[in-house]
Amino acid sequence: MNILCYIYPDMADFELTLLLHRLHQRGCRVLAASEHLEPVTAQSGLRYLPDLTLRDAEQQPLPDALLLPGGPIRPEQNAVCPLVQRMDDAGRLIGAICFAPQFLARAGVLAKHDYTTSCSAEKMAALGLRDFFPRDRMRHARVVEDGHVITAQGFAFVDFAEAVCLKLGVAQPPEVRAWFAPVRGTGGNGTA
């Protein structure tokens, strides 16, 4: 299974670390794509090296899933939007957490899918930005799954990881739930 992760400066890398760890453990091929091939520094201070550019990713067969971590709201950051549109048109899994649904909104994907985001209308106003989110599709929930689109609040990164793993079918549901139970403090031994 091929997974593409969009990485960009100031991304909230912790929101995807647990998920990517589990996917890699289950034999998924995880590649990082960015606007360029230079290292990308995340909010944690860690530097990530992209495997390919977004332009190169557009020339390849679509991955099984596209994962987008949260980060700052930057209305001019649209290079990933054509790939998001292609993934949506093909019915491929798109996972976006925290502020990352901004890319789905600007790609037009959220006009036809229910979603959640950590970015409120009030936050957009405080930033002095036009609110490009279709708020009528917004659901106030930790995770929202609508067809092949999974979105989550930033604090719900464990729930998001579980939802994506279940949707991709990387293991049977009881096993997937057991992986994340210790992180939630609900039991399970967490072995892979």
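Start with the crossing of helices H1 and H6, which is right-handed (a crossing is right-handed if the near helix is turned clockwise from the far one by less than a right angle, and left-handed if anticlockwise). Select residues 14–25 for H1 and residues 157–168 for H6, and you will have two helices that pack at an angle of about 35°, with their axes 9 Å apart; the axes are lines fitted to C-alpha atoms, for helices over the stretch in contact, and angles run from 0 to 180 degrees between N-to-C directions. Helices (H or I, at least four residues) and strands (E, at least two) are DSSP runs, numbered from the N terminus. This is a predicted model, in which local features need pLDDT of at least 70 and side-chain atom pairs count only at pLDDT 80 or more, while totals for chains, interfaces and linings use all residues. Residues are numbered from 1 along each chain as its sequence is written, and side-chain values use heavy atoms, with hydrogens and water left out.

Now show the side chains between the two helices. Phe14, Leu18 and Arg22 are among the residues of H1 that meet H6, where the residues in contact include Phe157, Ala161 and Leu168 (contact means heavy atoms within 4.5 Å).

H1 lies across S1 (2–6), S2 (29–34), S6 (65–68) and S7, running at about 150° to S6, whereas H6 lies across S1, S6, S7, S8 and S9, running at about 180° to S7. The sheet is open, with 7 strands in the order S5-S2-S1-S6-S7-S9-S8 and mixed pairing (two strands pair if DSSP finds at least two bridges between them). At its edges are S5 (52–53) and S8 (143–146), each of which pairs on one side only.

Which residues of S6 are buried on its two sides? Ala65 and Leu67 are buried on one side and Leu66 and Leu68 on the other, so that both faces of the strand are covered; buried means under 20% relative accessible area, exposed over 50%, and partly exposed in between (1.4 Å probe, protein chains only). S6 pairs with S1 in the parallel sense over 3 bridges, and Cys5 stands opposite Leu67. S6 is also joined to S7 by 4 bridges, again in parallel, with Ala96 in S7 as the bridge partner of Leu68. Moving on to S9 (residues 149–152), you find 4 bridges to S7 (residues 93–97) in the parallel sense, and Ile97 opposite Ala152.

Finish with the salt bridges, which number 9 (a side-chain nitrogen of Lys or Arg within 4 Å of a carboxyl oxygen of Asp or Glu). Select Asp88 and Lys112, whose closest N and O atoms are 2.9 Å apart. Asp88 lies in H3 (residues 81–90) and Lys112 in the loop between H4 (101–106) and H5 (121–126), so this pair ties together parts that are 24 residues apart in sequence. Asp88 counts as buried at 7% relative accessibility, whereas Lys112, at 45%, counts as partly exposed.

Then select Asp114, Arg137, Arg139 and Asp146, which are linked in a network of salt bridges. Within this group, the closest N and O atoms of Asp114 and Arg139 are 3.3 Å apart.
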